[in-house]
Amino acid sequence: MSAFNFETPSRQSAKGIIVIFGVSAYKILKGLAIAFIALFLKYIKSDKSPDLTSPIFILSCIGLVVLFLLIAVLRFLNFKFFIKDNYFFLRKGIFNKEEISISKDKIQNVYIKQNVIQQLINVVSLSIETAGDDKTEIEITALSRDKALALKEYLLSGLKLIDNKDVQIAEETVYFKASVKKLLLEGITENHFKSFVLIFAFIVGIYNDIKEFISELNLSSKFGKWFQLDNESIIGLLLINVTLIVTLLILSFLLSLIRMLIQNFDLTVKIKPNGLEISKGLLNKINLSLTNSRIQNTIASTNRVKRALGLYKLSFTQAMINKKQQLKFNIVGLSKLQLDELIQQFYPNVQNRLTKHKPQKYLLYRMLWIGFMVIAIINLGLYFSPKLFLLANIPFIAFVIANAMITYKKAYFHIDEELIVVGYGMLIETHTSYLEIKKTQAVTLNQTIFQKRRGIASVVVNSASKSITIPHVDLQTANEIKNYLIYKVEYENKDWM
């Protein structure tokens, strides 16, 4: 049982002053960053150094601290929230007062988060999001964990408070907890190419920034010879220097591994009566709920290496959710049995009723055509090279053929009275998307000029969060699918959230 009465206006924890102080200071200092940089450059050009012991400097720093502290106290005193008539109300503001009200029925999700500062002072933040916006609408930055859990449970429940009775937190059981070993294996088998591109772009960007900085300060006579290379030269150097490439690959591997560990540290999945609860994170801990009725799309993913190690990922989307938060709606390190059980919870008996329909072979021919076009373009540069270089095409041709055949093999779709399932993937990765028909928002037919000549089309089914595509089916079947889905949605008129 919880002893919190949310019908009476209440404030955050007094510890919230520390959090508000830190946030206010960060925002203001971030806004003044350009001024600080300009002042720093001024001192460098004048060959002087700032006197950090002068009374003016010390008093300015004290004044800023007092100002930030005053802002934090005023924001704390004017920040109140309560629940009335099934609406959540928030009042805030120092000079410009603001009152926000959100119907409980419109709430998509409630997150409990905890950054490093909040961990140190033992408070959490609670964020509320609704359908219809792509950013967090309400955030309470400092609550005790018990109060945050009770408020979250009430906001996501289908019950109203009656006579100020306590909120009872639903029973839940721990279904899955990712071990460090599984997270390490997930990090090792990640797609490291993305990390490689990020690091490569970062190095090139840093090189250009330092070059401009040296030029701006007229220090070229001292450091100019370090920057004789232009943009094309530095890119060429990185591409041909084996040592740097190997170093970047190692850094990419480490970045993927560290990111996986930090984001999914202590990943715990609990089964609740109406869905799941996910907790994870090291530096920024999060706690979020997945309610069956509010889930739009579900995607099961793996790749060849992960599948060999028995690793699968389950991702979820919700209506118009914060894009950054959306990346956290996933569970990694699942076994095949755990994956099937979770899918069974959201989509009962789906495996037994699954009928796989294949797209037209145009998908296979399209993949082959694109692959061979890329090889042809590459070979334009090898035209005047020794003929021996043409042997390098053999592995590329083999890759294109294998990738096209496997892509077609993995592609299928299934539609029944309640559910759309689409399977897709390429040589390495495999994905399966699930969408309940009642959550369909729109259905469109896409036809390229090449598809039109062959009498085929792709069916794009849009939900409130993302689309799911049934590719390259004959035009008659595509129209039948479109008409069937529209009929189901309009005739049955079921709630989509």
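The questions and answers below concern a predicted model.

Reader: Is methionine 260 buried or exposed?

Author: Methionine 260 is part of helix H10, which covers residues 242-264. Its relative accessibility is 7%. A residue counts as buried when this value is under 20%. Methionine 260 is therefore classed as buried.

Reader: How far apart in space are methionine 260 and glycine 187, C-alpha to C-alpha?

Author: Leaving aside neighbours within four places in sequence, the residues in contact with methionine 260 include Leu183, Glu186 and Gly187. In sequence, methionine 260 and glycine 187 are 73 residues apart. In space, the C-alpha to C-alpha distance between them is 5.5 Å.

Reader: Are helices H15 and H16 roughly parallel or roughly antiparallel to each other?

Author: Helix H15 (residues 362-380) packs with helix H16 (residues 393-410) at an angle of about 160°, and their axes are 8 Å apart. Angles over 145 degrees count as roughly antiparallel. H15 and H16 are therefore roughly antiparallel.

Reader: How many residues of the contact of H15 with H16 are charged?

Author: Among the residues making the contact are Leu363 and Phe372 of H15, together with Phe396 and Tyr408 of H16. The contact residues divide into 13 nonpolar and 5 polar. The number of charged residues is given by the remaining class: none.

Reader: What span should the 23 residues of helix H3 have?

Author: Helix H3 runs over residues 55-77, and its buried residues are Phe68, Ile71, Ala72 and Phe76.

Key: Residues numbered from 1 in each chain as written. Predicted model: local features only at pLDDT ≥ 70, side-chain atom pairs only at ≥ 80, totals over all residues. Heavy atoms only, no water. Helix = DSSP H or I, 4+ residues; strand = E, 2+ residues; numbered from the N terminus. Buried < 20%, exposed > 50% of the residue type's maximum accessible area, 1.4 Å probe, protein only. Contact = heavy atoms within 4.5 Å. Axes fitted to C-alpha atoms, helices over the stretch in contact; angles between N-to-C directions. Parallel < 35°, antiparallel > 145°, perpendicular 65-115°, else oblique. Nonpolar A, V, L, I, M, F, W, Y, C, P; charged D, E, K, R; others polar. Expected span 1.5 Å × (residues − 1).
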